[in-house]
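Q: I have a chain open and would like to go through its features with you. Could we take them one at a time?

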Amino acid sequence: MESPEDEQLDRIDSLPNSDVLSSVSSLSSLLLTEDSPSTTSSGDIPTTSGSSGEIPAAVLEEAVMAVPRDVETSPTEELLSSEAVATSRRCVGKTNSSKRLYWGFTSVIGRRREMEDAVAVIPRFMSRSCDHVGGCTAPGSRTSLGISSVDFFGVYDGHGGSQVAEFCKERMHQVIAEEWDRETADPGYEWQTSWKAALSCGFERADDEVSSRALAPEMIGSTAVVVVLSGCQIIASNCGDSRAILCRGAQTIPLTVDQKPDRPDELMRIEGGGGKVINWNGARVLGVLAMSRAIGDRYLRPWVIPVPEVTFTTRTDDDECIILASDGLWDVMKTEEVGEMARRMLRRWRRSPISDDISPAQAVADNLKEIAYGRNSSDNISIIVVDLKSRRRRQLRL
């Protein structure tokens, strides 16, 4: 028997485009009440263990065990190496840079009393030569010195209050850009090492500024999941249990792995530092916080740390979209389920009559929000969808 969500998708697949618009926004009116602040937006972008910042291989293998292995390289290798999926001799970055990049997002209070999530979309937050973002992975390419636009997407899920999440929304991309400039001042820099350092230092600087500026009490914190996107590379950085995934062909590939206190490597780190993980409505650091890394939460140092885990994934022509979201989505939907729904909706929209009212990426974000709410998600729900394969001719420009 089909689930209500499958029936909804089947109805959407058979509807004219105007009816799809109505279906996608049907529940939005219920969420966007006066006492439920929300943000929804879409646009397009023209484009010309532990504390080391690396996810242990065993953790990655567990996260991707459900992903189909129908390509020569495993998802684990894709996450750990920028060259693992360079399957074409032509320049992937040049092809992607010639296309517009479309995105959509939604952020709603849901069933919570307060809105503690924040979302950041910063198109063209940097412009760098291609060799600064992985160069060209095509053998023999001469385009590594071409200019690549670099875009920034971030989801921040606050806890205890919204102050830290709001600060990250306004400041995180700035400190990362500043740290990148500092890292590349040395002529002998290596791009991947420099990005790891820039992201790690950026996250820790944001954490330090929250404390030094006294922006929030020590018991307030936030997750931070960030994607830095160029024509060639997808660079993901994560602290906490917000999550980013990549839809590639028939695969749903995790770009991040949740940092939970009972994750074996995180549990070892916490207990090795004298802390405890207590099962109180789920595994929690000292029985309080349900994640092992975050911005803020200074009262739980040294067990809860602001050190991100960073992954690099080379873009391919099969990439469909990137989805970043807070746990208001992931608590009620599995990674593979979200990826399958996103693929179906995007493909439906790409072959449908074109409307300027809503982009395919925005339709996916809105529909995921509705499904999460319909499944009684008890948290704020924030979702960003980045369409990596859009070829629509008529779109609202940023």
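Q: Why is helix 12 described as largely enclosed by the rest of the structure?
A: In this predicted model, helix 12 is largely enclosed because 14 of its 15 residues are buried. Buried means under 20% relative accessible area, exposed over 50% and partly exposed in between, with a 1.4 Å probe and protein chains only. Helices (H or I, at least four residues) and strands (E, at least two) are DSSP runs, numbered from the N terminus.

Q: What span should helix 12 have, and what does the model give?
A: Its 15 residues, 360-374, should span 21 Å at 1.5 Å a residue, and the end C-alpha atoms are 21 Å apart, which agrees. The expected span is 1.5 Å times one less than the number of residues.

Q: What comes just after helix 12?
A: Asparagine 376 takes a positive phi of about 65° there. Aspartate 379 lies in the loop between helix 12 and strand 15 (381-387).

Q: Is aspartate 379 buried or exposed?
A: Aspartate 379 is buried, with a relative accessible area of 9%. Leaving out residues up to four places away in sequence, aspartate 379 touches Ile109, Gly110, Arg111, Arg112, Asp157, Asp327 and Gly328. Contact means heavy atoms within 4.5 Å.

Q: What about helix 11, which residues are buried there?
A: They are Thr335, Val338, Gly339, Met341, Ala342, Arg343, Met345, Leu346, Arg348 and Trp349. The 16 residues of helix 11 (335-350) should span 22 Å, and the end C-alpha atoms are 23 Å apart, which agrees.

Q: Changing topic: which residues have the most contacts inside the largest nonpolar core?
A: Phe152, Tyr156, Met172, Trp195, Phe203, Val228 and Ile235 do, in a core of 34 residues. A nonpolar core is a set of buried Ala, Val, Leu, Ile, Met, Phe, Trp, Tyr and Cys residues joined through side-chain atoms within 4.5 Å. Elements giving two or more residues to this core include strand 3 (117-129), helix 8 (191-212) and strand 13 (309-314). The largest share, nine residues, comes from helix 7.

Q: What does phenylalanine 203 contact?
A: Beyond its neighbours within four places in sequence, phenylalanine 203 is in contact with residues including Met172, Ile176, Val226, Cys239 and Pro308.

Q: How many disulfides turn up?
A: A search of the whole structure finds zero, a disulfide being a pair of cysteine sulfur atoms within 2.5 Å. The sulfur of cysteine 168 is 9.4 Å from the closest cysteine sulfur, in cysteine 239, which is too far for a bond.

Q: Are those two cysteines buried or exposed?
A: Cysteine 168 counts as buried at 1% relative accessibility, and cysteine 239 counts as buried at 0%.

Q: What is the confidence like over the chain?
A: The average pLDDT is 80, and 69% of the residues score at least 70. pLDDT is the predictor's confidence in each residue, from 0 to 100. Over residues 11-36 pLDDT stays under 50, and the model has 45 contacts beyond four places in sequence for them. Over residues 44-52 pLDDT also stays under 50, with 40 such contacts.

Q: And what conventions apply?
A: Residues are numbered from 1 along each chain as its sequence is written, and side-chain values use heavy atoms, leaving out hydrogens and water. Local features need pLDDT of at least 70 and side-chain atom pairs count only at pLDDT 80 or more, while totals for chains, interfaces and linings use all residues.
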